[in-house]
Amino acid sequence: MQLILFLLTSIALLSIAFVIISHEIDRIIMVINVLFVSYLSYIALCSLILDLINIRTTGVTISIINVLVIIFLITLYRKRKIDLKISKLKFTTHDIYVCILSLAFSIFVFFHMYTSSMNINFLTTDPSVHYLFSKYFSHTGRLLLSINDMISYMHMSSYPFLSYVNTGLLMSFSTSNSLNLGIYLTSNCIFYFFTIITIYNMYISITKKTDYLQITILSIATAIGYNMNSILFGFTSQMAGILLALAFIFIADRIEKGTLRIVLLTLNLVGLMFAYYYFIPPAIMGFVLTNLLKDGYKKPDLNIQTVIKRMFTLENLIVCGFTFLFGCVYLVFLNHTVEAGGIGSISVEGFIYRELYSDFKPYLLFSGIALFYLLREKQKSLILASSITYFSYAIVIFIFGMLGIASSYYFYKNYYLLENIFILLFAIGLNYTKEKFKPLFICYIGVICFLGLASITFDEPIQKNNNLFNIEIERNITKVQKFNKDVSKNMSIIYTNEQREFMDYILANKDEYVGENSYLPVIGDLLQQLWFYSYTEIWPKYNNTALAAMYEPNILDYNAWKSDPNKNSYIVLIHGTSDNWVKEQNVDLNLFDTVYKTEGATLYKYRTVK
C-alpha cells in the first residue's frame with residue numbers, strides 16, 4: 001500500500017512539474033533529465049527536514065509531502081495564464097538514438113559486471129558501505145546524522161546521503177535481500193545512464209546542432225572512460241555528485257531567468273551538497289563567476305562596484321544562501337550532535353585509478369577551441385565558468401598534495417568530473433571546427449576512422465604473421481579506457497549468486513548461528529568480509545568491532561579463538577580465499593562439523609573436545 005501511495009503521488013507531482021518545466025524547455029529528453037535529478041534532490045531535502053523534526057522518512061511521509069507540494073503548485077499556477085507549449089515539445093530521432101545508445105551501454109555494463117545472477121563485483125570497499133547505508137536507511141527511515149548505532153561506522157555519520165536516501169527509500173518497500181541488492185546495483189547504472197544523457201543535453205543546448213557522427217563520438221567517449229571506471233570502483237555517491245554537478249550547469253545554461261530557474265538551481269545545488277559536498281566549492285565559484293565573464297573576451301569595464309553588483313545578485317544570494325544554510329544544518333548543526341561523526345579529512349589516501357594527464361590529451365586541442373568559441377560567442381555561460389573553477393580547484397588540491405595537506409586520492413576524484421567537462425568541450429570544439437574549419441574536421445575524423453579500423457582489423461593479423469612488424473598492439477584508446485577494458489575482464493567476483501544464497505541461509509537462521517554473540521567469524525578477503533556484514537549485518541570478526549580490524553592481514557588467530565570458552569563455535573569459510581588461512585594457522589578441519597555447504601562457502605561448527 002505504501003508503494004502504491006508513493007508511486008501515485010510521485011507520478012502526480014512529476015507530471016505537474018513536467019508541465020511547468022516544459023514552458024521553459026522544449027525537448028522531452030531535457031525535461032525528463034531535469035525532473036530526475038531534481039527529484040533526487042527533493043527526496044534528499046525532504047529527508048533532512050523530516051530528520052530535523054524527528055520524523056522517519058517513509059513512503060507515507062514522502063507521499064504526504066508530495067500531496068502538499070501538489071496542492072501548492074496547483075494553487076500557485078491556477079491563477080496564472082501560462083502558455084505551457086506541451087504540443088510543441090520535441091522528441092527527435094537524435095534524442096531517441098542517444099537514449100538507445102545510453103541504455104545499451106548501461107545494460108551492457110550491468111550484465112557484464114553483475115550478470116543476470118546479480119553477482120557482487122567491485123574493485124573497492126566503497127560499494128559495501130553504500131549498500132549498508134542504503135539498507136540501514138530503509139530500516140530506520142533516518143539519516144546516519146541523527147541515528148547511527150553501527151559502532152564500526154560511527155565515524156562516517158556525516159557521509160553524503162543523497163544516494164543512500166533515494167536507494168534506501170526504494171528498498172524500504174521490499175523485504176527481499178536479492179531485490180534490495182538489485183536496487184542498489186541498478187542505481188549505479190541509472191546514474192551512469194543519466195550522466196551520458198546530461199552531457200548530450202548540454203551539448204545540443206549549447207551548439208543547437210545534432211549530428212549522428214558527433215553525438216556518437218560524444219556518447220561513446222562519455223560512456224567508456226571515467227564514468228565506467230566509477231562503476232568498476234563502485235563510487236556511487238561520487239556518481240550522484242557528478243550527475244548533480246553537470247545537471248546544475250545544464251539548468252543554468254538552458255533555463256532563462258525567473259522563479260523556476262532559481263528554484264531548480266537552488267534545489268540542485270543543495271542536492272549536490274547532499275550528494276557529494278567535495279564539489280560544492282568550485283560549483284559555487286563557477287556560478288558566481290558566470291556574471292563576471294558575461295562580456296566574453298572583450299575588454300571588460302569592471303570596477304569594484306560592478307564586480308560586487310555582479311557577484312551579489314538576488315539569484316546568487318538565494319541559490320548560494322540556501323545551499324550554505326542547508327550545508328550548515330547538515331555538516332555543522334546535525335553533525336555536531338553525533339559523537340565521532342566528523343567530516344573525513346582530504347589527507348586520507350584510498351584506492352582509485354591514477355593517471356596524471358595522458359587521459360585528457362585526446363581532448364585538449366578541441367577543448368581549447370571550444371573555450372575560445374564560448375568566450376567569443378556566448379553570453380553568461382556556466383560551462384565556461386565551471387571549466388575554469390573545476391580545473392582551478394583540481395590545481396589547488398594538487399598543490400595541497402605536493403605540500404602534504406591533501407591526498408592523491410582526493411586529487412584524482414576531480415578527474416571523474418573533469419573528464420566529462422573536457423569531453424563536452426571537445427565535442428563543442430569539434431562542432432565549431434566543422435562549421436569554421438571543415439578541412440581540419442575532415443582530417444581529424446579521417447584519422448579517428450583509420451586508428452579505429454587499425455585496431456579492429458589489421459593490427460593483430462600483422463602481429464601474428466610477423467610480430468617484429470608490430471611488436472606491441474596499440475589499442476588507440478586512453479589509459480583509463482584500457483584500464484577499464486583489462487580490469488573488467490579479470491575482476492574476481494566478491495560473491496556469486498550461490499554465495500549470496502548461502503548468506504541468506506545464515507541470515508534466516510541468525511538466532512541459531514549467532515545467538516547471543518554479536519559476531520560470526522568469516523574467513524575470506526577484505527571485500528568478502530565487508531560485504532558479508534553489509535548483506536547480513538552480522539559482524540564477521542572475532543573479538544574486535546573496529547572497522548580497521550577488517551584491514552588487518554591476520555584474519556583470525558585460530559588458537560586464541562579455539563581456546564576461548566565463550567567463543568561462537570560456528571565459523572564461515574569462503575572457498576578459495578580461506579585456503580591460506582587454513583594452511584598458515586594449521587587448522588584441522590576434521591575437528592569441525594559441516595553444518596551447511598554450498599558452492600563457494602561452508603558453515604562449520606567446532607567440536608568441543610572433552
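A salt bridge is counted here when a side-chain nitrogen of Lys or Arg lies within 4 Å of a carboxyl oxygen of Asp or Glu. The structure shown is a predicted model, in which local features need pLDDT of at least 70 and side-chain atom pairs count only at pLDDT 80 or more, while totals for chains, interfaces and linings use all residues. Residues are numbered from 1 along each chain as its sequence is written, and side-chain values use heavy atoms, with hydrogens and water left out.

View 1. The protein is divided into domain 1 (1-412) and domain 2 (497-606), with bounds that come from an automatic or database domain assignment. The centres of domain 1 and domain 2, taken over C-alpha atoms, are 39 Å apart. Domain 1 brings 23 residues to the contact and domain 2 brings 18, where contact means heavy atoms within 4.5 Å. About 1800 Å² is buried between domain 1 and domain 2, with 59% of that area given by carbon and sulfur atoms; buried area is the accessible area (1.4 Å probe) that two parts lose on being put together, summed over both.

**View 2. The salt bridge between the domains.** Across the interface of domain 1 and domain 2, the rule finds one salt bridge, whereas a search of the whole structure finds 13. K135 lies in helix α5 and E537 in the loop between α22 (526-536) and α23 (558-562), so the pair ties together parts that are 402 residues apart in sequence. The side chains of K135 and E537 meet at 3.6 Å, N to O. Helices (H or I, at least four residues) and strands (E, at least two) are DSSP runs, numbered from the N terminus.

**View 3. The side of domain 1 that touches domain 2.** Between domain 1 and domain 2 there are eight residue pairs in polar contact, both residues at pLDDT 80 or more. A polar contact is a pair of N or O atoms within 3.5 Å; within protein, one must be able to donate a hydrogen and the other to accept it, and residues adjacent in sequence count only if both atoms are side-chain atoms. On this side of domain 1, α5 (126-140) and α7 (177-207) each supply at least two residues, and α5 gives the most, with seven residues.
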